[in-house]
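User: I'm new to this one and I'd like to know what the labels rest on. Can we go through them together?

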Amino acid sequence: MLLRTVVRAALVGPLMALALLSGQAVAAPAESPQATAEPKILTYDAGESAEFAEAVDSGVNVWNESVTGVRLEKAADGEQANIRIVADDGWPRAVTTSLGNGTVYMGREAVQQGYNTIRIASHELGHILGLPDIKPGPCSSLMSGSTAGVSCTNPNPDAAEKAEVEENFAEGVAGPRDRQRTLVFQD
Ligand SMILES: [Zn+2]
């Protein structure tokens with residue numbers, strides 16, 4: 001009898017501890033970690049963006065005003081930036097090494113054809129933030145890129161594009177959407 005009581009007490013103890021633990025686990029989501037989560041900070045270095053420096057800053061502002069899950073900030077001097085933005089004579093493009101990391105090329109070829117530099121900057125940054133091209137598409141879509149025509153100056157992502165970026169960063173940079181491989185987006 002005494003032995004059975006001891007065994008029961010030994011079982012009840014851990015069970016109660018488990019109940020307390022699971023009680024806490026259930027209560028935790030009420031604090032909504034998603035809503036209080038800090039945005040993922042990505043740094044950028046536009047030191048080689050030449051005549052496009054202002055357009056790049058405008059493109060960065062577009063994203064910072066459009067989404068809450070990720071924020072682009074200028075890298076400090078000497079700091080290794082997540083995103084490099086450089087000017088060259090080719091067609092605008094982005095080379096991403098993983099979600100939030102890569103190089104944006106502000107290609108002069110499209111600028112000479114009349115394409116809007118701020119739209120180019122925010123479009124290419126969109127690739128860095130995990131968006132594919134959506135072509136052909138209307139001017140209201142940022143990722144329709146050049147297919148919206150030279151007259152399109154809209155630098156803002158549409159609702160679906162914003163939602164996709166939020167989703168990418170809600171899952172975290174190590175999440176399943178993080179493509180740890182190099183992708184090249186021409187345009
Ligand atoms: Zn593109």
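Analyst: Happy to. Of the protein's 187 residues, 33% count as buried. Keep in mind that this is a predicted model. There are 6 helices and 6 strands, and along the sequence they follow the pattern α-α-β-α-β-β-β-β-α-α-α-β.

User: What share of the contacts with a separation of 6 or more comes from residues 24 or more positions apart?

Analyst: Such pairs account for 62% of those contacts.

User: Why is V150 called exposed?

Analyst: V150 has 11 other C-beta atoms within 10 Å. The cut-off for exposed is 12 or fewer, so V150 gets that label. Its place is in the loop between helix 5 (117–128) and helix 6 (159–170).

User: And what does V150 touch, leaving out residues up to four places away in sequence?

Analyst: With those left out, V150 touches Q113, G114 and Y115. V150 and V111 are 39 residues apart in sequence, and their C-alpha atoms are 9.4 Å apart in space.

User: Then what makes A75 partly exposed?

Analyst: For A75 the count is 17 other C-beta atoms within 10 Å. Buried needs 20 or more and exposed needs 12 or fewer, so A75, with 17, is partly exposed. You'll find A75 in the loop between strand 2 and strand 3.

User: How far is A75 from T43 in sequence and in space?

Analyst: They are 32 residues apart in sequence and 4.9 Å apart in space, C-alpha to C-alpha. Not counting residues up to four places away in sequence, A75 touches T43, Y44, D45 and A81.

User: What pairs with strand 4?

Analyst: Strand 4 (residues 93–98) pairs with strand 5 in the antiparallel sense over 5 bridges. Strand 4 also pairs with strand 6 (residues 183–186), again antiparallel, over 4 bridges. Take R93: its bridge partner in strand 5 is Y105, and in strand 6 its partner is Q186.

User: How many residues lie between strand 4 and strand 5 in their hairpin?

Analyst: There are 2 residues between them, and G100 in the turn has a positive phi of about 85 degrees.

User: On to the helices. What makes the span of helix 6 agree with expectation?

Analyst: Helix 6 has 12 residues, which at 1.5 Å a residue should span 16 Å, and its end C-alpha atoms are 16 Å apart, so the two agree. Helix 5 also has 12 residues, and it reaches 17 Å from its first C-alpha to its last, close to the 16 Å expected.

User: Which residues of helix 6 are buried, and why are they said to be on the same side?

Analyst: The buried ones are E161, K162, V165, N168 and F169. They cover an arc of only 125 degrees around the axis, and that puts them on the same side of helix 6. On the other side, A159, A160 and A163 are exposed. What covers the buried residues includes strand 1, helix 3, strand 2 and helix 5.

User: What makes helix 5 "mostly covered"?

Analyst: The count does: 12 of its 12 residues are buried. Among them are I118, A121, H123 and L125. After helix 5 comes G130, whose phi is positive, near 100 degrees.

User: Which residues of the largest nonpolar core touch the most other members?

Analyst: Of its 33 residues, those are V56, V104, M106 and A121. Strand 1, helix 3, strand 2, strand 3 (83–88), strand 5 (101–107), helix 5 and helix 6 each supply at least two residues of this core. In soluble globular proteins, nonpolar side chains tend to be buried together.

User: What does V104 touch, again leaving out residues up to four places away in sequence?

Analyst: V104 touches I83, I85, A94, E124, L125 and I128.

Methods
Residues numbered from 1 in each chain as written. Predicted model: local features only at pLDDT ≥ 70, side-chain atom pairs only at ≥ 80, totals over all residues. Contact = placed C-beta atoms within 7 Å. Expected span 1.5 Å × (residues − 1). Arc of directions from axis to C-beta. Core = buried A, V, L, I, M, F, W, Y, C linked by C-beta atoms within 7 Å. Pairing = 2+ DSSP bridges.
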